[in-house]
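Please keep the sequence and the model open side by side while reading.

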Amino acid sequence: MKAAYQEYKKCQAELKSLDMDEEQKNREMAFLEFEINEIEKASLVPGEDEELEKQYRKLSNGRRIIDSLQSAHALTGYDGQGAGEAVGEALRELSRVTEYDDQLESLSQTLSEVDGLLNDFNRELSSYMDDMTFDESVFYETERRLDLLNGLKAKYGQRIEEIQEYQKKQQEKLNKLQKYEEIFEASREELKKAEKKLEVACSRLSEIRKEYSHQLEENVIQGLKDLNFLDVQFAITFSRRSSFTENGYDEIQYEISTNPGESLKPLGKIVSGGELSRIMLALKAILADRDQIETLIFDEIDTGISGRTAQKVSEKMAVIGHHHQVLCITHLPQIAAMADSHFEIEKQVEGTKTTTQIHPLDEEASIRELARLLGGAQITGAVLENAREMKKLARECKA
């Protein structure tokens, strides 16, 4: 059911995305063609932007480069006061005295290597300067090309590869629009197939629900009778929604009549809080081993019941307690005795301020509280013994 619904929604969204009038389609095609042509005309080459950036930096700083190179050439040269001239002079001075000390030969050799390296550097620098020229037309063309690439980057992607990928995607969209009628019709057929498959799944699910609804009705009626609804009617009605959902097309209504002569009416509209709690208790007891809700809270569940009915309510809550955490506020000792943990809720008034305190009760304190609920203000030994017996029977019932 879920898979069929997801496929149906996917096909529905696809068809909706394709749905457009002729004018809108033509505008979209014109826009796509403009973008594709703009990128195609640029004849992009991956990596060229990086190379152009390097070339532009070199060309735009050509005068600064030339000035610095000329200074470096002069400072390291062999004319005038350059470093090459100074090293050469030092080497000549050192060679005059190497014959007097063998250790000076090593120093002379080192200085000779420095002289050779400096000479090689000066020659390569001179050659670089000779080859370096500034071509106005090359600079203009480089600048123009970079402006074009940066303009495309601003619109379509930060890298040339991204721009080309964008062009590819836009081309795919254009191809679809050029075959719009064919693609739209195919998408509509896919939606029809998905809807037919979904209809089958919904129908099957509805059949399963209706099959088990009769069993659930009988179980709920019996459960409600156990909870003091002696003349009760309960029915599950089905109607079809106007649209599909991931849970099918069923609109399900629980209807109930709790009094003789009353017609069935929607559950949420006719029952009191206490009645609703007991109805929920009946449902939860039936579904205890399947329900995934972790905690259930029952309030006013003891309204209008006593004796054997109260005992039945407590037993059903114990059944649910095997699978869920159950919190229940009650004034009935039959229900309180069944609790695994018993708390006393007490209001205290001090002047104009009212506070509520909750006290956990141990075994003996719980028995005394049950006795209070049983006997009122006067708690006799017989009442305490009755409370102790009630607690014992509750333990045996849960065992």
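Helix α14 passes helix α15 in a right-handed crossing, where right-handed means that the near helix is turned clockwise from the far one by less than a right angle, and left-handed that it is turned anticlockwise. This is a predicted model, in which local features need pLDDT of at least 70 and side-chain atom pairs count only at pLDDT 80 or more, while totals for chains, interfaces and linings use all residues. Residues are numbered from 1 along each chain as its sequence is written, and side-chain values use heavy atoms, with hydrogens and water left out. Helices (H or I, at least four residues) and strands (E, at least two) are DSSP runs, numbered from the N terminus.

Two packed helices are described by the angle between their axes and the distance between the axes. For α14 (residues 363-375) and α15 (residues 381-398), the axes come within 8 Å and cross at roughly 115°; such axes are lines fitted to C-alpha atoms, for helices over the stretch in contact, and the angles run from 0 to 180 degrees between N-to-C directions. Among the residues of α14 that meet α15 are Ile367, Leu370, Ala371 and Leu374, and the α15 side includes Val383, Leu384, Ala387 and Met390, where contact means heavy atoms within 4.5 Å. By class, the contact of α14 with α15 has eight nonpolar, three polar and six charged residues, with Ala, Val, Leu, Ile, Met, Phe, Trp, Tyr, Cys and Pro counted as nonpolar, Asp, Glu, Lys and Arg as charged, and the others, Gly among them, as polar.

Helix α15 also holds cysteine 397. Cysteine 397 counts as partly exposed because its relative accessibility is 37%; buried means under 20% relative accessible area, exposed over 50%, and partly exposed in between (1.4 Å probe, protein chains only). Leaving aside neighbours within four places in sequence, cysteine 397 is in contact with Glu315 and Met338.

Several residues of α12 are buried, including Ala310, Val313, Ser314 and Met317. Glutamine 334, in helix α13 (residues 333-336), touches Gly307, Ala310, Gln311, Ser314 and Met390, not counting residues up to four places away in sequence. With a relative accessibility of 16%, glutamine 334 therefore counts as buried.

What are the residues with the most contacts inside the largest nonpolar core? That core has 25 residues, and those with the most contacts inside it are Leu224, Ile256, Ile279, Leu281, Ile301, Val313 and Met317; a nonpolar core is a set of buried Ala, Val, Leu, Ile, Met, Phe, Trp, Tyr and Cys residues joined through side-chain atoms within 4.5 Å. The elements that give two or more residues to this core are α9 (180-226), β1 (233-245), α11 (273-286), β4 (295-299) and α12, and α11 gives the most, with five residues. Apart from this core lies another, of 21 residues, among them Ala4, Tyr5, Met29 and Cys202.

Phenylalanine 229 sits in the loop between α9 and β1. Phenylalanine 229 is buried, with a relative accessible area of 5%, and touches Leu224, Thr258, Glu275, Arg278 and Ile279, not counting residues up to four places away in sequence. Phenylalanine 229 and lysine 173 are 56 residues apart in sequence and 66 Å apart in space, C-alpha to C-alpha.

Helices α2 and α8 pack at an angle of about 145°, with their axes 9 Å apart, and their crossing is left-handed. By class, the contact of α2 with α8 has eight nonpolar, four polar and six charged residues. Isoleucine 36, in helix α2, is buried, with a relative accessible area of 2%, and touches Gln167, Gln170, Gln171 and Leu174, not counting residues up to four places away in sequence. From the other helix, glutamine 167 lies in α8 (residues 160-178) and is buried, with a relative accessible area of 17%; glutamine 167 touches Ile36, Ile39 and Glu40, again not counting residues up to four places away in sequence.

Most residues other than glycine have a negative phi. Serine 43, in the loop between α2 (22-41) and α3 (48-60), has a positive phi of about 50° although it is not a glycine. Cysteine 397 and serine 43 are 354 residues apart in sequence and 86 Å apart in space, C-alpha to C-alpha.
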